[in-house]
Amino acid sequence: SHTSHVPQNSNFFSSFNVSILELLTSMRCQRNVFFWIPEEESVNLVQTISSYEVARDYGIPEAALISHLKSELNEAQACYSLPFNLLLVVSFACMAIVHDDATVLSAVENAITHEVTINAEFAPTVYGNAVVGHKTLVDVLQDDEFWSWWKDGLLPLLYEGNEWHDNYDTSDPRYQTTNRSLWLRHNRIAGGIRLRQERPTDGFTCTSAESLLEFYESTCVGGHDYNIDPEAGLFTQRAETTIDPTRERWLWIIDSLETVRSQVEELEASGWYDRATVKIEFAIPTYNAEYGIHAFALINFYKSRGGHIFRKVIVRCQFATWHVHWYYFLLDAIWLVSITTIFFKEGRQLVNRYKGGCWSLRKYLNVWNTIDWLVALGGYAIVITFLCNLSMRGHMNDSLIQLGKIDVTAHRDAWEEEAKMYAQLLQDNVEYVRMFRLLLAGYPLIIIFRFTKSFAAQPRFALVTRTLTSSAADLFHFLIVFSSVFFTFMSSGIVLFGKEVDGFATIPRALLTCFSIMFGEINWPDMMVIGRTEAQTWLTLYIVTIPVIMVNMILAIIMNHYERVKNSTGYKETIVDEAWKVIMRWRHSGEHVVPGHVLDRLLRGPVQRQGPLHSVLHHSRTNFLSSSVWKSILKHSMLSVEDEDTDEEVTEEEPSYVSEDSRISFDGSAEPKSRDHGSLRSEVEDVTVITIAELMKIAKVSEEQALEIISCAVVDYHEMHKHDAELEELLALTQKCEARARQGVQLAQEAVQVREEFTISQTRLFGNELSLHLHEVSSVLDERYEELQRLEATNQRLQSLLLQLPPSAVFPVASSGPQPSPRS
């Protein structure tokens, strides 16, 4: 935690005043990290000093202070953006869920699918006094079964209800159908059943050898699209799409069952379904007023040229209206305002960058701004698609209204034409809505990347993003090896299991199956069909190589980089601390100057100071510090600060008049001097150090706030460079030991050459001295380790004591006199 100067009589500490003050003052920093402290006062390498003492007595370099303020603003911006991102996600999720209620849609789709698949029974058998059909849709495997299912299973189900039930009494009025077009008691059939076929194109040539055609004694018809069970969805959609539909017929719901059966028998006798038929489509349009849903049921039969018939029932639905309740409009408005806010914010920044010239515009075109544009433009794409669907749905509703107004007895032809039009409009609508749902499903994946923008500015959240960035190169090279091994096993699986297991029949299916096996989903009964030994051998090699070795190596690479990033991050405030700090700034907005204004005044303020750093930092009163000059200063001052552009409200464009001549070092030369620690200490006169009094004069802040800002900047600087200081200390000790060792070797050589007892005794004395020195070094390292353990225990005690404080003690009511600023 950060230390600050708080008097012992402050209300902030309440009854824990002395204890917390002791804990705060016991948290020390390595003194040799701060190169601007005069060297004569830093004799011992392991000497420590508190951040408060550094801020009070020595100040901080201006570049480090600017870096700290920028970091504070970026973290605050991340804290501000998180609630907005959450609002964007929540509003979109609520809007998508309430408009497209999955529970209601599944109620209609599952009911129709179950009715067609299970209850359309055929092949009647007499059991006692009952006539029961013992076959269903899944038993339709041959041509004769198809016709039997159609006449004896589907038609009675739609026109009278299934006529084969246990102890079914046809004279019972409860089972007599009074309204044939009301399917499942709640779904009104609009028009009837539409029949269509898909047939192969003319001019197909047999793939067989010509010498064998004489034995075949038949013609080849083509149509090899359904060799395996067709799949629904992208990219081909072969299960749903009927290419070049022909031989369209309608079975009208207003006709009797006998009439419709006779029409089916005529189709069977006329050869409507023959060897060349590739696909048969049954389409049944319905409307459910209970939910306000239009449903389009497809019962498709796919004919394989091997003789097998595949079956699939697909039901697509669409709501008659999207806005059932008034709060639906409110959710739409909240989400629309959110994406509009992003659009205008990014548009304003783009215009400002365009005015700043090509350099500024190139700086704007980064990953984070691209993500913001994708979120905004993707949202508007959803809005446009939604408006187009409103128009299509309106035409569909109007067609159904017109269908209900036509007198079918007097104007049957007009009624039939309107029914055909409604069926086509309904099919177009459900296909369009399906693509619209895919767009809605993909949009949250873009919003996820917007969250990473907020995470990157908060150090604790940035652990994940920085880990992935750091490990990207290693993962890319490992991915090449992994892909080679993975696809080798996949190819072997296709050859081995492709004929017996549907999951290995094609490359996309095999890819998904191998990926599922990698995470433990194994369909062993289907795989062992080819032979237990063969399947076991392949599966054992795959599991040992891919999940056990390869996947664990990926985790090892990621965890290795995670540890590195975590160790390099050091102490950083949590998001809760950031949020609390933002709230405190808001509560004391009238008492304290916000960090953005402090940074603005620090960069713009016309304060007369000496040193070349001042001339570099304040070359203009009307423009911010140029990026190139800033990089030069940070590079010379050993400040490893990333040149981020996440806070567009704080940073401005680089002035167009900044030239390469402004990229100078501290001493004014063309090339920077050596960056070693001693060089920086010798050049402390060239570094502009900001003291508490000077910060009060520049930023117009109180003494307490100036002390707080500089102390926090000192802690951040220490956390950023303490590893370098530790390495420097270790290097100094190593050099000292090396010098002693060289001296010992030299004395030993002289003793061998001269063979004087005095030289030998000196060598022995030196050996003892060297042992004592090594023991001293070991003791120092042990003390440093004990001090580290004590600091960690102190930190835990401090946190537990702070949690015990009541809110009134942590945030006292401002009195008339000046009060110190509490620290987090």
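Colleague: Happy to start with the helices: are α5 and α7 roughly parallel or roughly antiparallel to each other?
Modeller: Good place to begin, and keep in mind that this is a predicted model. Helix α5 covers residues 143-159 and helix α7 covers residues 257-269, and the two pack at an angle of about 160 degrees. Angles over 145 degrees count as roughly antiparallel. The pair α5 and α7 is therefore roughly antiparallel.

Colleague: Thanks! How far apart are the axes of α5 and α7, and what is the hand of their crossing?
Modeller: Two packed helices are described by the angle between their axes and the distance between the axes. For α5 and α7 that distance is 10 Å. The crossing itself is right-handed.

Colleague: How many nonpolar residues are in the contact of α5 with α7?
Modeller: On the α5 side, the residues include Trp147, Trp150, Leu155 and Pro156, and they meet α7 residues including Leu257, Val260 and Val264. By class the contact has five charged residues, no polar ones, and a nonpolar count of nine.

Colleague: Within the record's transmembrane region annotation, how far apart are the end C-alpha atoms of residues 536-559?
Modeller: An unreviewed UniProt entry gives "transmembrane region" for several spans, including 435-452 and 536-559. Residues 435-452 are 100% helix, with end C-alpha atoms 28 Å apart. Residues 536-559 are also 100% helix, with 0% strand, and their end C-alpha atoms lie apart by 33 Å.

Colleague: One last thing: which residue forms a salt bridge with Glu240?
Modeller: Side chains of opposite charge can pair when their charged atoms come close. The structure holds 17 salt bridges, and in the one with Glu240 the closest N and O atoms are 2.5 Å apart. Glu240 lies in the loop between α6 and β9 and its partner in strand β12, so the pair ties together parts 76 residues apart in sequence. That partner is Arg316.

Terms used. Residues numbered from 1 in each chain as written. Predicted model: local features only at pLDDT ≥ 70, side-chain atom pairs only at ≥ 80, totals over all residues. Heavy atoms only, no water. Axes fitted to C-alpha atoms, helices over the stretch in contact; angles between N-to-C directions. Helix = DSSP H or I, 4+ residues; strand = E, 2+ residues; numbered from the N terminus. Parallel < 35°, antiparallel > 145°, perpendicular 65-115°, else oblique. Left-handed = near helix turned anticlockwise from the far one by under 90°. Contact = heavy atoms within 4.5 Å. Nonpolar A, V, L, I, M, F, W, Y, C, P; charged D, E, K, R; others polar. UniProt positions renumbered as here; feature names shortened; annotations may be inferred. Salt bridge = Lys/Arg side-chain N within 4 Å of Asp/Glu carboxyl O.
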